[in-house]
Amino acid sequence: MSNHPQMPTEQADTPKADRPALPPAVAVWRRLVLSHSPEIRPALRVGFGLAIPGAALILLGHVDLMVYAVFGSVVGMYGRSPHRMQRLKDQVLAGAMMLCAGVSGIVIAPWGPEGWALLAGGIFWACASSLTADRYGLKPGGSFFPVFAFGALACLPVGQSPSTAGLAAFVLTALFCIVLGQTARFGTATRGFPGHDPVSWPDALRRAACYASVVLLAGALAIGLQLEHLQWVMAGSVVPLAAGNARGRLSRGAHRVAGTVAGLVVLLGIYYLQLPELALGLVIIALMFPTEGYMTRNYGLALSFFTPLIMLMLELADPSVNADVLWERAAGNLLGVLAGILGALLFDRRPR
């Protein structure tokens, strides 16, 4: 066989042609995806944790039970660990915490708790969830979700007996989110995971006492002013305490206020469309994706999606809700935030 000399290819002698420029819309979308890559997978997981049970409720004609599914899907927010076994431990523990708080609210809902009775329950769950989150390093920290789940579900109009259908939707959605958390793969999306940093027992007890004092202060102010919707005041009051110092608490409180106001504007836009009940259920599902996507990136922006989500889900559960009630809930939420900032300055001067 004769050896033929290897001729240089034309491609090796000529420079590579420049890639065609992407259309502006595609380029913007690509930059958006790349900048949000750490949050996309957790947001999709949490979003589908509500989308699949929520779609089932819509198909079954039970859009009014969406509020229970939303609180059950919150369990998915506690599964950001890149380690599958740690993620399972976090979500099982968070699921137990959320289920205990939510189920207690569902059970007492027929009695229509209000005033000091409702406040006592809020104080208990603020302390219990604060201790659990601190001792086991759960993320997101704080007591907001358990306190809000207890108060919101306890104040739903359910008649003479607890809502067994709502209880089933709540429990099954939470369990589904735990299973979904084990099937998810994070990969590079786990960069920036804050990790677990359990708090010592003395500090955890001190912080639990601070949560109790802040919720008591906010609730007493609301009761003294004869404000309705105490559950919103309690939930708003624990938000600033999740930050570690006075500046952080002021910032978190400001984010809460700005996010709530922006969320009300979004809500007004949704109301302007006069969507049917089925479409509102789909809007609630869609709002969960950006809520989780921005929860760690920009808390205020996340609340601009979360506020209309919770307002709409509670409206579907209680058709008697009108615009005045929604504004009263928002006002109670803002009062709680202000009371939380004041209470943190009074009862928790030691930075974390």
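This is a predicted model: local features need pLDDT of at least 70, side-chain atom pairs count only at pLDDT 80 or more; totals for chains, interfaces and linings use all residues.
## The nonpolar core

Start in the middle. The largest nonpolar core has 84 residues. Six of them touch the most other members: V67, Y68, F71, I284, L309 and M313. Helix 13, residues 299-317, gives the largest share of this core, with 12 residues.

Take M313 as an example. Setting aside residues up to four places away in sequence, M313 touches V67, V70, F71 and I284. Of these, V67, F71 and I284 are also on the list of residues that touch the most other core members. As a general rule, nonpolar side chains in soluble globular proteins tend to be buried together.

## Helices 12 and 13

Two packed helices are described by the angle between their axes and the distance between the axes. Helix 12 covers residues 277-295. Helix 12 and helix 13 pack at an angle of about 155°, and their axes are 8 Å apart. An angle over 145 degrees counts as roughly antiparallel, so helix 12 is roughly antiparallel to helix 13. The crossing of the two helices is left-handed.

Which residues of helix 12 and helix 13 make the contact? From helix 12 come E277, L280, G281, V283, I284, L287, M288, P290, T291, Y294 and M295. From helix 13 come Y299, L301, A302, F305, F306, P308, L309, L312, M313 and L316. By class, this contact has 18 nonpolar, 2 polar and 1 charged residues. I284, L309 and M313 take part in this contact, and they are also listed among the core residues that touch the most other members.

Helix 7 is itself mostly covered, with 11 of its 11 residues buried. Its buried residues include F144, F145, F148 and F150. P146 and G151 of helix 7 are buried as well.

## A buried glutamine

Q91 sits in helix 5, residues 84-108. Its relative accessibility is 0%, so Q91 counts as buried. What does Q91 contact, beyond its neighbours within four places in sequence? The partners are R45, V75, G76, Y78, G79, C177, I178 and G181.

Most residues other than glycine have a negative phi, and most peptide bonds are trans.

From K139 to P140 the bond is cis, with omega near 5°. P140 lies in the loop between helix 6 and helix 7.

The other two are glutamines. Q226 has a positive phi of about 55°, although it is not a glycine. Q226 lies in the loop between helix 9 and helix 10. At 69% relative accessibility, Q226 counts as exposed. Q274 has a phi near 50°, again a positive value in a residue other than glycine. Q274 lies in the loop between helix 11 (246-273) and helix 12. Q274 is exposed too, with a relative accessible area of 70%. Q91, by contrast, is buried.

Definitions and conventions:
Residues are numbered from 1 along each chain as its sequence is written. Side-chain values use heavy atoms; hydrogens and water are left out. A nonpolar core is a set of buried Ala, Val, Leu, Ile, Met, Phe, Trp, Tyr and Cys residues joined through side-chain atoms within 4.5 Å. Buried means under 20% relative accessible area, exposed over 50%, partly exposed in between (1.4 Å probe, protein chains only). Helices (H or I, at least four residues) and strands (E, at least two) are DSSP runs, numbered from the N terminus. Contact means heavy atoms within 4.5 Å. Axes are lines fitted to C-alpha atoms, for helices over the stretch in contact, and angles run from 0 to 180 degrees between N-to-C directions. Angles under 35 degrees count as roughly parallel, over 145 as roughly antiparallel, 65 to 115 as roughly perpendicular and the rest as oblique. A crossing is left-handed if the near helix is turned anticlockwise from the far one by less than a right angle, and right-handed if clockwise. Ala, Val, Leu, Ile, Met, Phe, Trp, Tyr, Cys and Pro count as nonpolar, Asp, Glu, Lys and Arg as charged, and the others, Gly among them, as polar.
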